[in-house]
Amino acid sequence: SSRMDWRAMETCGSYGELASSSAGSIYAPVLQHLRQESGEALPDYMMTEKLLQTAYFTHIYRVTQRRYAGETKELLLRAFGRQIDLLNLIHVLRIKTYFSGLQDLFAVLFPFHYRLSPEFLTALCAAPDAAAAFSLVSRSAYAESFQNVDVAEVEDYYRRALYLFNRQQLLTGAPSVYTAVSYLNLKEAELGMLVNVIESVKYAVPYDSGYARLIGA
């Protein structure tokens, strides 16, 4: 069930029509605000992605705080908090490597944190280069995850980390609403691996054999 007008989205021919197709959804305020700023021109992609994902995570946090309690609430906050932390780390490491001229890094970070304090994120954004940023990450709560990992591998780690976390919850976690979330996340990962295999054959793109072994493909 979705409040997005998918038929209107499929046929839209302008940004205004795209924004209108989101009426009633959690994304409508963001798209309408960007429409007011940019008119019919397409807004900056990086900022748009950040604002839309922020709207999503804000909604998730609000629902979690309102509807759940005890261990289920703690698990949901831990799962999404970990995901946001990793995404913020990946964003900064990528920017420090490929877009070193970008100054306002906080503009592309999600305004949430779990195991990464605001002070740490401030220091990470202020790092002079990618090497300094990796050095800081190696002393963070996710230090073990980024040992001997370069920027080309951080997204692979992110996918693996989420897959393993959700697999553990599905196999050993206490039954809760997150059991269904874990199952859907695992199925999405398996579908992504299938797409990767098909693309590797059709378009000669790299095949992620390590990830395939992880999910048993």
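Which residues does L116 touch, not counting those up to four places away in sequence? I opened the notebook with this one. The model is predicted, and I kept that in mind throughout.

**Entry 1: L116**

I listed the contacts of L116. They are D85, L89, L121, S140 and Y142, with residues up to four places away in sequence left out. Next I looked up where L116 sits. L116 is in the loop between α5 and α6. I then asked myself: is L116 buried or exposed? L116 counts as buried because its relative accessible area is 2%, and the cut-off for buried is under 20%. I also checked one pair from the contact list. L116 and Y142 are 26 residues apart in sequence, and their C-alpha atoms are 8.8 Å apart in space.

**Entry 2: the whole protein**

I stepped back to see the overall picture. How many helices and strands are there in the protein? I found ten helices and zero strands. Read along the sequence, the pattern is α-α-α-α-α-α-α-α-α-α. I looked up the box that the C-alpha atoms fill. Along the principal axes, it is roughly 45 × 45 × 45 Å. The protein has 217 residues, and 39% of them count as buried. The accessible surface is about 12900 Å². Carbon and sulfur atoms own 56% of that surface.

I turned to contacts between residues at least 6 apart in sequence. Of these, 54% join residues at least 24 apart.

**Entry 3: Y158**

I went to helix α8, which covers residues 154–172 and holds Y158. What does Y158 contact, once its neighbours within four places in sequence are left aside? I noted Q83, L86, L87 and I90. Y158 counts as buried, since its relative accessibility is 12%. Y158 and L89 are 69 residues apart in sequence, yet 9.9 Å apart in space from C-alpha to C-alpha. L89 was already in my notes as a contact of L116.

**Entry 4: M47**

I moved to helix α4, residues 45–67, where M47 is placed. M47 is partly exposed, because its relative accessibility is 27%. How far apart in space are M47 and V108, C-alpha to C-alpha? The answer is 6.4 Å, and the two are 61 residues apart in sequence.

**Entry 5: a patch on the surface**

I looked for nonpolar side chains on the surface. M46, Y98, F99 and L102 form a nonpolar patch there. Together they have about 390 Å² of accessible area. L102 lies in the loop between α5 (70–98) and α6 (118–126).

**Entry 6: charges**

I looked up the charges next. The protein has 20 positive and 22 negative charges. Their mean positions are 6 Å apart. Side chains of opposite charge can pair when their charged atoms come close. How many salt bridges does a search of the whole structure find? It finds one.

Here is the pair. E190 forms a salt bridge with K187, and the closest N and O atoms are 3.2 Å apart. Both residues lie in helix α9. They are three residues apart, about one turn of the helix. I checked how accessible each partner is. E190 is partly exposed, with 31% relative accessibility. K187 is partly exposed as well, at 40%.

**Entry 7: N196**

I stayed in helix α9, residues 177–202, and found N196 there. Is N196 buried or exposed? N196 is buried, because its relative accessible area is 14%. I listed its contacts, leaving aside neighbours within four places in sequence. N196 is in contact with P206, Y207 and D208.

Terms used
Residues numbered from 1 in each chain as written. Predicted model: local features only at pLDDT ≥ 70, side-chain atom pairs only at ≥ 80, totals over all residues. Heavy atoms only, no water. Patch = residues over 30% accessible without salt bridge, like charges linked within 9 Å, V, L, I, M, F, W, Y side chains within 5 Å. Areas by Shrake-Rupley, 256 points an atom, 1.4 Å probe, with all protein chains shown as cover. Salt bridge = Lys/Arg side-chain N within 4 Å of Asp/Glu carboxyl O. Helix = DSSP H or I, 4+ residues; strand = E, 2+ residues; numbered from the N terminus. Buried < 20%, exposed > 50% of the residue type's maximum accessible area, 1.4 Å probe, protein only. Contact = heavy atoms within 4.5 Å. Lys, Arg positive; Asp, Glu negative; His and termini not counted. Charge placed at Lys NZ, Arg CZ, Asp CG, Glu CD.
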